Amino acid sequence: MREAQHLYINGKWTEPEDGTVQELTDPATGRPSGRIVLGGAADADRAVHAAREAFPAFSATSVAERTELLEAIGAEYARRAQDMAQAVTAELGSPLSLSRTLHVPAAQGQFHHAAQALGRMSLVERRGSTWVRREPVGVSALITPWNYPALQPAGKVASALAAGCTVVLKPAQLSPYSALLLAEILDTAGVPAGVFNLVLGRGSVIGDALNAHADVDMISFTGSGPVAVGVSDAAAPTAKRVVTELGGKSPQIVLPDADMDTAIETAVLYGLGNSGQTCGAASRTLVPRERLEEFLSALTARVDQLKVGDPWAKDTFMGPVVSADQWDTIQGYIRKGIDQGARLVTGGLGKPEDLPDSLNDGHFVRPTVFADVTNDMTIAREEIFGPVLSVITYDTVDEAVRIANDSPFGLCGYVTSADARQARAVAEQMRTGYVLINDADFDFNTSWGGYKQSGNGREWADFGIGEYLETKSIVGVTA
Ligand code: NAD
């Protein structure tokens, strides 16, 4: 059992003023995994106050000092990498192998990328006697979701600190273990008191207190669309900057000449990996009509071999989903897919059949593939956030691009083709903020963010740092 009785405010682990204890459940077994303390509005206020007090000194640090600090955090993160991987698996249920190879390195890398990017950025530009300066926006509230519990806070903290902002982090209630560990890492790495503050708590309590707080200059929010609307509304009276990173329904376009193995691997890794709980999940698969049955039989063979089960076991590809609520939501979508006439190719309702007794109460979902999906079906329009692929057939490449772009979201896209030129041409037509071609490695050292209802922000590297900067012009500089 993990125990956390304190919040991290002003460089110290402190008891909450109006705290409540919350028990957390292991997604794989349904049994308790730990107890944490949730703060209240007074704690959010204390954290904002600490960040406000720390801002003048931290915002005046030099680029070299902040670069050094970010590299020190990265080094300490590397030292705690195993602990972090275990924390992510304990809270999220992601296979330990995935926590080790994706969640943690992606998070750790954010500090190095931010340090490098900061060194490259020009924060003062001279235009004759006018100087254009880029200055930190101020106290930033960082609100994060549970599905990438290490990466999301790390990306925001790295960018904000690089810019010279001070922060209050409010992670998702379901995944606090990695955030607590992040606070330890930042503390050991020498982040000055008040620069980073951590308040665990409910969105409706801590979130609401931060959204409306007159001393919070900016909110960086990653989560769902409906909550983002409430955050933006609550922030409007204080005219603070609200940067949003929201959901997706990302298409993979399998072009007619695609290598089938590459197409299948993309669908499996990016559509089903992390139990489909990825904002940029490749959840709509667009396949040319003439290759549909070939694609489905290869995909089914691959999916049916995936090991679903104990996240701590070496060969597990897919662990549980995060919670019983999430499991219910996904079942609802699978039911809708069936009811609306999609063809269930593999997977379906209920839990995988071959789970050991010890995992019977875990939140395991069968990796599921639907074919004959039309783009107006609910399973093609809404974010399921589970391991469910919707295969849609097309006749021409223009039609594939049109279907891909016919979505309220625009986060991510995937193109699979043997023709590099055509792949790029199709990628350029996608109305999404990030596109992966074939088996390219995911690049965390570039911009991340969406078009349309996938949000208005950009994260990571210099693009992420830019969100935490104000631009100031000083005209008539003569000395
Ligand atoms: P959510 O919107 O329910 O919660 C996100 C965060 O907001 C949590 O910390 C929650 O406590 C907090 N919150 C809730 N009410 C609030 C309020 N009134 N004020 C302020 N904060 C409040 O989302 P979730 O279920 O944690 O995460 C899943 C969603 O996040 C999915 O839609 C997913 O696509 C999206 N997501 C997007 C990205 C991206 O980079 N675009 C990355 C990861 C997840």
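Domain bounds here come from an automatic or database domain assignment. Domain 1 (2-246 + 455-475) and domain 2 (250-444) both contribute residues to the shell around the ligand, so the ligand lies between them. This is a predicted model, in which local features need pLDDT of at least 70, side-chain atom pairs count only at pLDDT 80 or more, and totals for chains, interfaces and linings use all residues. Residues are numbered from 1 along each chain as its sequence is written, and side-chain values use heavy atoms, with hydrogens and water left out.

The ligand is surrounded by 27 residues, each with a heavy atom within 4 Å of it. The closest are Thr144, Ser224, Leu246, Glu383 and Trp448. By type, the shell holds 13 nonpolar, 10 polar and 4 charged residues, with Asp, Glu, Lys and Arg counted as charged, Ala, Val, Leu, Ile, Met, Phe, Trp, Tyr, Cys and Pro as nonpolar, and the others, Gly among them, as polar.

| Residue | Protein atom | Distance |
|---|---|---|
| Thr144 | backbone N or O | 2.8 Å |
| Lys170 | side-chain N or O | 2.9 Å |
| Ser224 | polar side-chain atom | 2.6 Å |

The protein buries 86% of the 850 Å² that the ligand exposes when taken alone, by the Shrake-Rupley method with a 1.4 Å probe.

Methods:
Polar contact = N/O pair within 3.5 Å; in protein donor to acceptor, adjacent residues only side chain to side chain.
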